[in-house]
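Please read it alongside the sequence and the model.

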Amino acid sequence: MGPDPHEPPPGDSPGREETESNDAEPTAGSPKRGRPSLRLTLPGCWGALLLACLSFTPSLLPRGGVLQGLICGISAAIGYGLGVIAAYVWRAFADREARGASRRSWRVLIICAVALFALAFGLGQYWQHEIRRLMGVTDYNVLATVACPFVAALVFWLLLLAARGLRRLYRWLAGLLRRWIGPRAARVVGWVVVAGLAWAVVSGVLLAGFVNAANEAFSLRDTETPEGVHQPTSTLRSGGPGSLVPWDTLGRQGRAFTGSGPSAADIGAFTHRPALEPVRAYAGLATSDDTESRAARAVADLERAGGFERANLLVMTTTGSGWVDPAAVDSFEYLGDGDAATVAMQYSYLPSWLSYLVDQSKARAAGRELFDAVYDVWSKLPQDQRPRLFVAGESLGSFGGETAFSGEYDLRNRTAGTLFAGPPNFNTLFRDFSDHRDAGSPEIEPVYKQGRTVRFTDDPAGGIPPKDAPWNGPRVLYLMHPSDPIVWWSPDLALTEPDWIGEAPGGDVLEDMVWIPFVTFWQVTADLPFSTGVPDGHGHTYKAAYVDGWNAVMRPSGLTPQDLDRLREIIQPQH
């Protein structure tokens with residue numbers, strides 16, 4: 001946490017080379033050396049107060065009281081550390097020793113803390129109310145709101161104690177090293193060793209342990225079958241009669257995918273004409289041990305079921321747990337009159353938000369291997385017998401789907417169209433398209449190369465910019481909400497203001513949202529696990545938008561605006 005701006009206790013020599021002199025308490029009543037101290041420094045408290053109050057500013061999604069308390073506590077701990085470091089640096093430049101703060105200074109701090117925290121808390125409640133109103137969220141827990149300050153205090157103290165524990169470890173190690181090396185070298189080596197040890201524990205032991213525990217828990221859940229889902233009796237589905245992929249190897253999400261979806265009768269009732277039964281092929285983690293053979297098995301089952309004989313073929317890269325958004329595939333099948341086939345495969349047990357952080361390499365391999373396996377069979381067909389080849393993915397699935405392509409021309413040349421929803425900020429192609437957007441277009445809805453192939457929209461039903469420019473040939477469309485933390489989260493948020501915050505906000509983001517170093521990063525980070533807990537059309541929830549998105553990419557004939565309204569109601573009922 002850095003040295004505290006205090007003088008040494010009475011009896012210590014101010015000229016000692018011990019690092020404790022930079023961290024000693026300012027009053028004669030300080031605890032004796034060796035005992036843990038809960039005393040606070042004045043500069044640190046001012047820093048903690050400042051960042052704690054700023055943590056109540058709005059971010060992308062509504063926050064409950066407990067979550068706000070967590071963010072507030074983390075921000076306060078960071079602010080405390082920054083305050084201590086700032087005081088230490090100032091003393092170094094001023095060439096003076098630490099001195100204790102007066103009682104009057106502490107009284108001023110306490111009065112300001114009560115007033116500023118109360119003001120920030122009240123403004124925070126107002127901002128959260130406005131965000132809930134924008135998104136149509138009605139949930140509000142008064143008890144959680146009341147608990148916010150207590151959660152913040154607990155988190156702050158736990159982090160402060162952890163930091164002081166590391167500091168004590170550093171002091172002990174530096175003292176030990178001074179037996180063999182000089183004091184300055186001992187201090188440097190001590191900090192390096194303690195920092196490395198802390199990083200190893202957090203990234204190795206704690207993170208790895210958490211991921212392994214989550215993997216074990218979700219692997220057990222993967223053996224279950226969702227309620228209402230039954231093994232298909234159609235030969236057109238993986239896990240059904242004659243399938244090369246056994247039902248019990250599909251995993252929970254694979255069974256949900258192949259055991260559900262619109263029938264030919266459902267599609268015919270919408271189109272008012274005869275329809276085909278869609279083909280759905282899938283391979284789970286238990287289907288094969290490695291990604292390449294799993295992709296080969298899924299494509300072999302797709303070919304067995306006649307997927308390459310359909311008019312429209314979709315390669316769908318799943319999210320972490322193998323989940324395929326029913327809205328994405330159902331819309332594709334309805335708009336294709338059932339003359340459609342979809343293939344997908346699982347690459348992880350973990351849910352999307354966790355896979356998003358730790359399973360990127362698996363998503364990359366799955367997206368590339370599955371598309372390459374499909375393309376290998378598809379490209380060998382006579383040109384007049386090939387189905388239109390589409391690619392889609394949501395969240396981490398869009399990241400995996402992108403990895404099979406090198407850029408705009410590759411997407412245009414090897415597919416009939418692409419639809420990605422909620423792309424993570426680290427997506428290679430998404431970042432390239434967005435970073436090189438046309439001058440004057442905002443980051444929340446960029447225009448790339450006059451929209452000739454790749455376009456972006458929050459609401460495809462309302463028009464896809466640039467509306468007055470031609471959009472010929474295969475189309476690539478990204479769906480992304482201004483309030484989706486998956487799209488906007490980046491480690492760079494800690495120290496760099498992104499364009500999307502400095503520009504005019506989207507329709508479901510408050511104008512009061514501002515970028516604050518460190519604070520905004522933790523706010524958006526805290527939004528991630530709750531990104532799908534908001535109504536459709538906000539956050540990371542994409543449902544009805546798939547209807548208009550696929551309509552723009554597939555360009556089916558004969559559909560009226562009223563037909564699209566009916567299909568949206570089928571995909572995402574409003575009642």
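## Strand β6 and its sheet

Strand β6 is covered on both faces, since V454 and F456 on one side and R455 and T457 on the other are all buried, where buried means under 20% relative accessible area, exposed over 50% and partly exposed in between, computed with a 1.4 Å probe on protein chains only. In a regular strand the side chains alternate between the two faces of the sheet. Strands here are DSSP runs of E with at least two residues, and helices are DSSP runs of H or I with at least four, numbered from the N terminus. Strand β6 is joined to β7 by 4 bridges, the two running parallel, and F456 stands opposite Y478 in β7.

## Basis of the model

The model is predicted, and local features need pLDDT of at least 70 while side-chain atom pairs count only at pLDDT 80 or more, although totals for chains, interfaces and linings use all residues. Residues are numbered from 1 along each chain as its sequence is written, and side-chain values use heavy atoms, with hydrogens and water left out.

## E408 in helix α13

Helix α13 (residues 408–414) contains E408, which is buried with a relative accessible area of 5%. Leaving aside neighbours within four places in sequence, E408 is in contact (heavy atoms within 4.5 Å) with F433, Y448, K449, R452, T453 and V454. The side chains of E408 and T453 are joined by a polar contact of 3.3 Å; such a contact is a pair of N or O atoms within 3.5 Å, and within protein one must be able to donate a hydrogen and the other to accept it, while residues adjacent in sequence count only if both atoms are side-chain atoms.

In helix α7 (residues 264–271), the buried residues are A264, I267, G268, F270 and T271. Seen down the axis of α7, these buried residues fall within an arc of 160°, so they line one face of the helix, the arc being that of the directions from the helix axis to the C-beta atoms. The face turned away from this buried side carries the exposed residues A265 and A269, whereas the buried residues pack against α9 (326–335) and α19 (561–571). Just after α7, H272 takes a positive phi of about 65°.

Helix α18 (residues 545–554) is mostly covered, with 9 of its 10 residues buried, among them W550 and M554. What covers the buried residues of α18 includes β2 (312–317), α9, β4 (388–394), β5 (417–421), β7 (475–479) and α19. Just after α18, R555 takes a positive phi of about 55°.

## Cysteines

A search of the whole structure finds 0 disulfides, a disulfide being a pair of cysteine sulfur atoms within 2.5 Å. For C45, the nearest cysteine sulfur is that of C112, 13 Å away, and C45 counts as buried at 13% relative accessibility. The sulfur of C72 is 5.8 Å from the closest cysteine sulfur, in C148, too far for a bond, and C72 counts as buried at 2% relative accessibility.

Conventions: Pairing = 2+ DSSP bridges.
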